Amino acid sequence: MGLSIIIVNYKSASLILDCLETLYRQPGNPGFEVLVVDNASGDDSRQRVLAGFPFVKWIEMGYNSGFARANNEGIRQSAGDTVLLLNGDTLPEAAAVEGCYRRLFSSDHIAAGVQLLNADGTSQISGNYVMKGGLNYLLPLPYLGSLIKNAGEWAKVKKPHVPEASGTMDVDWINGAFLMVKKSAIGIAGLLDEDFFLYAEEAEWCARLKNTGPLCIYGDLRVIHLQGETANQTFGSDGKGYYNLYDRKGQQIMLSNFVRIRKQFGVGWFLVQLLFYLAEIPVLFTGIFLSRLLQKTPARYSWTQFRHYCRNVGVILRKSLFILRNKPYFYKVL
């Protein structure tokens, strides 16, 4: 099999061992290579992983390079005709991986994902559609986001994601936890954009990949994804998903999203989104003030969250000139 699996590691050896044990649980010798790219973990990750799986190719980055740069190095050193970007916090059965490869290889699609599942078996968003200007990035806003969501539902706007895939579904971009791509498409579209440290890079990459051919989700192939485990450890966060805008993880999410908006949708949409994020500040202040005045219990938001939200928006403002210029720059929070 001409498949190379790339896993990025940063102090997450236990998760990667669980991932590899699941991958190699079935008897036989799967015909794929596995590359683990280490982002200067500074622990015993290498010894632990290679002790259990000595055939894994271990690549040292020498610094915490994030998702895009580490995966790019794995792609450069991979031998397969197809690569799978696989999160270390997934539990992939070999049958799902092999099935995805066989279908993708024999199809006109240039990239594919599978239906990701939470640990309890419920569906996780695996495929997404592009919304004009990236307006779905406004949905996490504390108060304005709810208004925008309600307005979209009233207007019957198409949802920007696939809640649960059935069969083969064409999508605009695929969750980076399980993203399989033909190298022939990478040769045309290019590697992941190395301005990104973490978050939004796969969405921007898929936009370029889609110019070379269609992308899809195979809904009958399923893989458990312990969403956010590695990132939460890195940022010291306990939030799942992308709605937490109040800590360092939220700061990285916001920064990466704005970088993607500028690169994919242009200056105008970047400024529109920035205006909404700024407008949320007085709205959030008023909402918290009124909830305290009316003694609402429990309060929806806190003054601590307000301060942290303002801090994170301030970071976006300080980086805006760099983002608007669209010159090479590493947007890393850590």
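Reader: Which residue is the bridge partner of Asn128 in β8?

Author: The bridge partner of Asn128 in β8 is His161. The model is a predicted one, in which local features need pLDDT of at least 70 and side-chain atom pairs count only at pLDDT 80 or more, while totals for chains, interfaces and linings use all residues. Residues are numbered from 1 along each chain as its sequence is written, and side-chain values use heavy atoms, with hydrogens and water left out.

Reader: How many bridges join strand β7 to β8, and in which sense do the two run, parallel or antiparallel?

Author: Strands of a sheet pair through backbone hydrogen bonds, in either a parallel or an antiparallel sense. Here β7 (residues 127–128) and β8 run antiparallel and are joined by two bridges; two strands pair if DSSP finds at least two bridges between them. Strands (E, at least two residues) and helices (H or I, at least four) are DSSP runs numbered from the N terminus.

Reader: In what order do the three strands of this open sheet stand?

Author: The order is β8-β7-β10, with antiparallel pairing. The strands β8 (161–162) and β10 (173–174) are at the edges and have a single partner strand each, so one side of each lacks a neighbour in the sheet.

Reader: Which sense, parallel or antiparallel, applies where β1 and β2 pair?

Author: The pairing of β1 with β2 is parallel and extends over seven bridges; within β2, Leu35 is the bridge partner of Ile6. The strand β1 also runs parallel to β4, through four bridges, and Thr82 in β4 is the bridge partner of Leu3.

Reader: How many residues of β1 are buried?

Author: Seven of the seven are buried, so β1 is largely enclosed by the rest of the structure. Buried means under 20% relative accessible area, exposed over 50%, and partly exposed in between (1.4 Å probe, protein chains only). One side of β1 carries Leu3, Ile5, Ile7 and Asn9, the other Ser4, Ile6 and Val8, and both faces are covered.

Reader: What covers the buried residues of α3?

Author: The covering elements include β1 (3–9), β2 (32–38), β3 (57–60), β4 (82–86), α6 (183–189) and α7 (201–209), where contact means heavy atoms within 4.5 Å. Nine of the twelve residues of α3 are buried, so this helix is largely enclosed; among them are Phe67, Arg69, Asn72 and Ile75. Helix α3 (residues 66–77) reaches 17 Å from its first C-alpha to its last, close to the expected 16 Å, a span given by 1.5 Å times one less than the number of residues.

Reader: At what angle do the axes of α5 and α10 cross?

Author: Two packed helices are described by the angle and the distance between their axes. The axes of α5 (residues 144–154) and α10 (residues 267–293) cross at roughly 115° and come within 10 Å; such axes are lines fitted to C-alpha atoms, for helices over the stretch in contact, and angles run from 0 to 180 degrees between N-to-C directions. Leu144, Gly145 and Ile148 of α5 meet Phe276, Ala279, Glu280 and Val283 of α10.

Reader: Which residues of the largest nonpolar core touch the most other members?

Author: Among its 36 residues, they are Ile75, Leu85, Leu179, Val181, Trp205 and Leu209. A nonpolar core is a set of buried Ala, Val, Leu, Ile, Met, Phe, Trp, Tyr and Cys residues joined through side-chain atoms within 4.5 Å. Apart from this core lies another, of 34 residues, including Ile7 and Ala13.
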